[in-house]
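Here are my notes for your read-through. Keep the model open beside them and check each point as you go.

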Amino acid sequence: MNERQFRAVFHSAIGEAPMPPDLSARARLALGRPIEDHPSRVLQVLAAAAAVLLIAGIVGFNLLSHYYATIGNRSGPVTHPSPSARSLSPYQQLVSRDWQPVAVAFAAAGCPLPPPPAGVVNPAPVLPIDTPTCRAQVAAEKQATEKMAADLRSATPPANLSDAHTQLQIDLDAHIGALGVAIQAFDNNRPADYNPNFANSTYDAARKDVAVILR
Amino acid sequence: MFETSMSMEGDRSEQESAFMAGIEPLLPMAYRLAYGLLRRPEEAEDAVQEATLGAWRHRAAFRAGSEVRPWFLAIVANQCRQTVRTRWWSVIRIADPVTSWVDPSDDASDELRSLRSGLSKLPPADRLVLVLRYYLDLSFDDVAATLHISAPAARVRTHRALARLRPNLVVPEEFQDE
């Protein structure tokens, strides 16, 4: 079979179907369909799905964090050291260590400060400590810092330490505020909300003031 | 003329008129291709209509200076492939390609029935190249342009498709571009 014969057979095999006379008109009508309809509808559906997913994600995240917070509260005393507890020990020691020279410096300048409160000079408890202990330490620290701030306010600093003295008061007040936030977190049964970095930042600021005074 | 038909300038009705002026002469061939691939007049109509709409929507992708015919036939062929492959009911009508080609009730000769049976079993790409070449009577150059391949590649692909038909039919060994 040559190619021409094969072509004839091929035509016969498939058959002939005349084009419908209205196909051209239908095609022309099809063009009249709004072009943007389909894509915009798809985009709308996609946007709606994305919004639903986003809302579901946010709600799920909140539920999850709430769940973990609840787990933390239900579990009772924490047997592992929490970040707050871990950061508390050096923090407490450093304050007591730094405060002593400040008192000495003020005393040498004729402006005696009371000695550091007993709660501050006590050695830090051995880790791990549980949440109530951590809360107690923070509370003791806050109380001690408040006493420091009160002592500092009652003392009249030497002229050369006046600025540093004022700054130290400000930073100690900030530190007291940070410790208050921490205590609130413990009292609200949300120990995870306690941010040791925040407390440490105010503490670091106070330490720098101390360093200025001792210079 | 062809480039004018794909113009994106002017208002919408002007663009439509220019587009249809370029596409309308190709509709009989497009329908023939669709029928040759699908073997169902109503599906062929739908395929050509959808292909026309697709060509209109994507006319910006048409390369200036190239021919409209192979571009449009490629769209039609693609639409036919979609028709067979992606319609959800094609799963139910899994035997569709075969039943549309092989009708036990027809009184065609054994040779024709054998050829239809062979075509129904061919992969879609092979069927496409044979329909373009032997049903639309395109030259190898035109087949190549429609399939976006070179003319020698079109020749080879036709040869291979025919070779797959050979168990069913005596087919030409040699090709001559007419």
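1. **A helix inside.** In H8(B), the buried residues include Leu128(B), Val129(B), Leu130(B), Val131(B) and Leu132(B). Asp126(B), Arg127(B), Arg133(B), Tyr134(B) and Tyr135(B) are buried too. Buried means under 20% relative accessible area, exposed means over 50%, and partly exposed lies in between (1.4 Å probe, protein chains only). Helix H8 of chain B spans residues 124–135, and ten of its twelve residues are buried, so it is largely enclosed by the rest of the structure. Helices (H or I, at least four residues) and strands (E, at least two) are DSSP runs, numbered from the N terminus.

2. **Ground rules.** This is a predicted model: local features need pLDDT of at least 70, side-chain atom pairs count only at pLDDT 80 or more, and totals for chains, interfaces and linings use all residues. Residues are numbered from 1 along each chain as its sequence is written, chains are lettered from A and ligands numbered from 1 in the order in which they are written, and side-chain values use heavy atoms, with hydrogens and water left out.

3. **Two loops in chain B.** Asp137(B) sits in the loop between H8 and helix H9 (140–147) of chain B. Its relative accessibility is 39%, so Asp137(B) counts as partly exposed. His148(B), also not a glycine, has a positive phi near 60 degrees. His148(B) lies in the loop between H9 and helix H10 (151–165) of chain B. With a relative accessible area of 64%, His148(B) is exposed.

4. **How the chains meet.** Contact means heavy atoms within 4.5 Å. 44 residues of chain B are in contact with 30 residues of chain A. The size of an interface is often given as the accessible area lost when the parts come together. Chain B and chain A bury about 3,500 Å² between them, 60% of it on carbon and sulfur atoms. That is the accessible area (1.4 Å probe) that two parts lose on being put together, summed over both. In chain B, Gln49(B), Arg57(B) and Tyr134(B) lose the most area to chain A, together 17% of what that side buries.

5. A salt bridge is a side-chain nitrogen of Lys or Arg within 4 Å of a carboxyl oxygen of Asp or Glu. Six salt bridges run between chain B and chain A. One of them joins the side chains of Glu24(B) and Arg28(A), at 3.1 Å from N to O. Which helix of chain B gives the most residues to the side that touches chain A? H4(B) does, with nine residues. By class, that side of chain B has 24 nonpolar, five polar and 15 charged residues. Ala, Val, Leu, Ile, Met, Phe, Trp, Tyr, Cys and Pro count as nonpolar, Asp, Glu, Lys and Arg as charged, and the others, Gly among them, as polar.

6. Arg133(B) forms a salt bridge with Glu3(A), and their closest N and O atoms are 2.8 Å apart. Arg133(B) lies in helix H8 of chain B and Glu3(A) in helix H1 of chain A, so the pair joins two chains. At 2% relative accessibility, Arg133(B) counts as buried. Glu3(A) is buried as well, at a relative accessible area of 6%.

7. **Pairs within a chain.** Arg69(B) forms a salt bridge with Asp142(B), with 2.7 Å between the closest N and O atoms. The pair links helix H5 (residues 68–86) to helix H9 of chain B, 73 residues apart. In chain A, the side chains of Arg153(A) and Asp173(A) meet in a salt bridge (3.4 Å, N to O).

8. Chain A has eight helices and zero strands. Of its 215 residues, 36% count as buried. pLDDT is the predictor's confidence in each residue, from 0 to 100. Chain A averages 71, and 63% of the residues score at least 70. Among its elements, helix H1 (residues 3–14) has the highest mean pLDDT (86) and helix H5 (residues 118–121) the lowest (42). Over residues 76–94 of chain A the pLDDT is below 50.
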